[in-house]
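Keep the structure open beside you as you read.

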Amino acid sequence: MKFLKYLIILIVISCGKDSSENIDSKLLEIDSQQSNISDTENSNVELSPLDLAKSKGYSVFVCNTPSYPVKPEPNSVSNGYQYHIFGWQLDEGYKSKCVNIYEGVSGADKQLIEEVIYEATDRLGQIIPINITAVFGGVSDLNDVCKKWDALKLTNGGCFELGPPESNYFLAAAGVDAENIHNGGQGEISQAVFRDLERGKKIIYHEIFHIHQNSHKYYFEESQSFGWNEEQINSLRDSETAVPMLGPIWIEEGGAEFAAIYLSDEKGWIDYKKSMIEYLDEARSVIADAAIRSDIVSLKDYENGKVIGKLESSSNPSGAAREKAYQYSAGSIAHIFAIEGKYTTLDAILIDYYKDLAENERDYVGEGYKYSFTKNWGISLENFYKEFDEFMLKPRAEQISFLNLE
Ligand SMILES: [Zn+2]
């Protein structure tokens with residue numbers, strides 16, 4: 001049929017314009033084009049992206065259900081990178097916000113979690129669907145939870161443990177990685193989080209921020225595709241010292257904490273200044289305590305999880321463990337320092353930094369975060385460490401004033 005249409009159009013054009021002698025040569029041209037079209041149709045290149053996704057088993061995004069029967073093959077491969085366009089990118093499934101509840105979790109709990117997800121995605125954007133597993137330790141059926149959770153997360157049967165039914169069973173985690181991004185972002189939370197009326201929403205915001213950060217590190221805005229270099233991911237996973245693709249741990253955790261507190265305060269869910277002064281004091285205490293043993297604390301020490309683990313244990317070269325969690329406390333203070341110090345803006349460090357990661361990592365293997373940092377934080381990472389470490393040694397009142405927390 002197509003060929004016939006071309007033929008008729010061609011004849012009309014040819015007759016109107018040229019002498020009949022040209023028709024044959026043009027016919028030949030069209031004929032060869034036509035056979036190319038047939039070839040490409042056979043090799044799937046002509047399939048629309050959605051049809052291609054469907055050919056890999058995608059039908060429609062459904063909460064708490066894998067989007068694909070198995071991890072899908074990439075749409076294309078080049079220079080060690082594999083690129084994917086997922087079905088839920090094409091049918092608005094990426095906007096899905098699923099709170100999957102189990103026995104013991106009430107409708108009100110679900111509503112509270114949803115309120116935070118809607119607020120966070122509205123503020124930060126959303127490029128992948130979200131599944132949050134909400135459980136009540138000791139009450140929810142662990143088998144049921146883990147079966148569903150593992151099907152999405154593809155941990156090969158691994159699962160979290162469900163603690164006791166007491167209200168203090170605490171579980172809060174979320175993210176996404178290359179192994180399971182075709183099913184969207186995942187998170188797990190328990191009663192100690194969603195029943196905590198003082199800090200619960202902030203903690204949920206923190207977890208949603210992890211999905212925001214980690215989805216962008218694989219996303220190429222220009223081609224609207226997700227991509228990664230598996231070899232690079234594996235080598236980072238095995239490294240004892242390398243900085244993760246997302247950047248230093250203090251950016252991942254401090255960024256999530258700062259964003260959660262700052263943006264929760266905008267909604268009246270938490271007191272930003274009070275929370276941040278507490279963090280400032282916590283960070284100051286880590287420095288002061290370590291100083292007793294001549295253990296000099298730098299923000300740079302908090303780039304890699306394994307290195308942090310060592311410094312916070314008896315393997316610390318000074319012989320004693322540092323007080324914990326400087327990556328959260330100082331990490332969030334560092335975000336305020338950058339904004340109040342007029343190096344950068346809120347959106348540049350909470351959104352643009354993450355958006356630029358995938359592209360920079362592809363251009364500068366293993367160092368993409370440094371380029372994204374310089375561009376979006378407005379200062380090189382090394383200089384930032386110098387200035388921030390100096391700032392952390394200043395008198396408390398001066399720090400509070402500079403950070404605009406009084
Ligand atoms: Zn976190």
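Two strands count as paired if DSSP finds at least two bridges between them. With that in mind, and remembering that this is a predicted model, start at strand 4, residues 130–135. Six bridges join strand 4 to strand 6 (residues 185–190), and the two run parallel. To find one point of contact, look at Ile130, whose bridge partner in strand 6 is Gly185.

Strand 4 has another partner as well: strand 3, residues 97–101, pairs with strand 4 in the parallel sense over five bridges. Here you can pick out Cys98, which has Asn131 as its bridge partner in strand 4. To get from strand 3 to strand 4, the chain passes through helix 5 (residues 107–124), and this β-α-β crossover is left-handed.

Now turn to the side chains of strand 4. Are its residues mostly covered or mostly open? Strand 4 is mostly covered, with six of its six residues buried. Ile130, Ile132 and Ala134 point one way, while Asn131, Thr133 and Val135 point the other way, and all are buried.

Next, move to another part of the model. An open sheet of four strands has the order 1-2-8-7, and its pairing is antiparallel. Its edges are strand 1 (76–78) and strand 7 (219–220), each of which pairs on one side only. Strand 7 is joined by two bridges to strand 8 (residues 225–228), and these two run antiparallel.

How values were computed. Residues are numbered from 1 along each chain as its sequence is written. This is a predicted model: local features need pLDDT of at least 70, side-chain atom pairs count only at pLDDT 80 or more; totals for chains, interfaces and linings use all residues. A residue is buried if 20 or more other C-beta atoms lie within 10 Å of its own, exposed if 12 or fewer, and partly exposed in between; C-beta atoms are placed from the backbone. A crossover is right-handed if, with the strands pointing away from the viewer, the path from the first strand over the helix to the second runs clockwise.
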